[in-house]
Amino acid sequence: MTETMEKTVREIAVECPATVRVFEKLGIDYCCGGRKSLRDACLTADVPFERVIELLKNASQANTDAGSDSWNSAPLEQLTAHIVRKHHGFVRSEVPRLRTLLAKVVARHGSGHPEVSRIQELFDAVAHELSMHMLKEEQVLFPYIETMWAAHLRNEPLPPAFFGTVERPIASMLAEHDDAGAVLAEMRRTSSGYTLPQGACPTFTALYTGLEEFENDLHQHIHLENNILFPRAIEIERNAR
Ligand SMILES: [Fe+2]
Ligand SMILES: [Fe+2]
């Protein structure tokens, strides 16, 4: 465990995907802010370091999150396909459902709970940004990474790209991930951590549950891109130069 203490949150999450659940539960940022040491991340999230070490130890022993361990070595076209199918698909199916719930809750409870109107504004903004962001990944960056990967497997030179180096579109995707993460963090603050008001109706409950699931899924989605897919693509490009 001494080794774990020295590592960044991102490194721990990449090496042992089962730990992601622990980070999620404790509100420790393992995607956009994952470059912090575990000790610093615990301070930021205000959780006792020793307790976190214990939970991480249990998680890595159980290692229940089967299937995602292999992303560190899986073919990159499988990883991009998984991200598009699982995470982009989730965003596309949840956005209209959550928009409908938000409209209902704002109409029924907006006067007594002004925070839901603010959450609606924030959600609309992040949903719009994410839809453009996912198109850029699906139409430009991911196809290029898949072509790079195929050339790498054949030991051929990497294909030329209009953006020069793959690090450029990746840098802009990273900045957009930070922006989306910041909006979701503001939604969480605005809702006091998705705490339901006394006697909340089923629609209000479904909304906060859904928004929390949306946030969790986005963290896992960004983790796969920031911490696994993008570093692997950059490494292939650097080695090919
Ligand atoms: Fe994505
Ligand atoms: Fe992304």
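1. The side chains of N226 and H177 are joined by a polar contact of 2.6 Å. A polar contact is a pair of N or O atoms within 3.5 Å; within protein, one must be able to donate a hydrogen and the other to accept it, and residues adjacent in sequence count only if both atoms are side-chain atoms. N226 sits in helix α9. Helices (H or I, at least four residues) are DSSP runs, numbered from the N terminus. N226 is buried, at 7% relative accessible area. Buried means under 20%, exposed over 50%, and partly exposed in between (1.4 Å probe, protein chains only).

2. A word on the basis. This is a predicted model: local features need pLDDT of at least 70, side-chain atom pairs count only at pLDDT 80 or more, and totals for chains, interfaces and linings use all residues. Residues are numbered from 1 along each chain as its sequence is written, chains are lettered from A and ligands numbered from 1 in the order in which they are written, and side-chain values use heavy atoms, with hydrogens and water left out.

3. Next, the aromatic rings. The structure holds 6 aromatic pairs. Rings of Phe, Tyr and Trp (its six-membered ring) pair if their centres lie within 6.5 Å; planes under 30 degrees apart are stacked, over 60 edge-to-face, and the rest tilted. Y144 and F163 are edge-to-face, because their planes stand at 90 degrees, with ring centres 5.2 Å apart. This pair links distant parts of the chain, 19 residues apart. Y144 is in helix α7 (residues 115-153), and F163 is in the loop between α7 and α8 (167-190). Both Y144 and F163 are buried. Together with F162, they form one aromatic cluster.

4. A second pair is F204 and Y208. Their ring centres are 5.1 Å apart and their planes are at 90 degrees, so this pair is edge-to-face. Both residues lie in helix α9 (residues 202-240), 4 residues apart, about one turn of the helix. F204 and Y208 are both buried.

5. R39 lies over the face of F49, 4.2 Å from the ring centre. The rule is NZ of Lys or CZ of Arg within 6 Å of the ring centre and within 35 degrees of the ring normal. R39 belongs to helix α4 (residues 38-45). Its relative accessibility is 45%, so R39 counts as partly exposed.

6. Now the largest pocket. It holds about 470 Å³ of space. On a 1 Å grid over the protein atoms alone, a pocket is an open set of points where a 1.4 Å probe fits, with protein on both sides within 12 Å along at least five of seven lines; lining residues have an atom within 4 Å of a point. The lining has 22 residues, and G27, A185, R188, E215 and H219 lie nearest the centre. Helix α8 gives the largest share, 7 residues. By class, the lining has 10 nonpolar, 4 polar and 8 charged residues. Ala, Val, Leu, Ile, Met, Phe, Trp, Tyr, Cys and Pro count as nonpolar, Asp, Glu, Lys and Arg as charged, and the others, Gly among them, as polar.

7. Check the backbone at D46. Its phi is near 60 degrees, a positive value in a residue other than glycine. D46 lies in the loop between α4 and α5 (49-62). D46 is exposed, at 69% relative accessible area.

Conventions:
Helices (H or I, at least four residues) and strands (E, at least two) are DSSP runs, numbered from the N terminus. Grid points are joined across faces, edges and corners, and a volume is the space filled by probe spheres set on the points.
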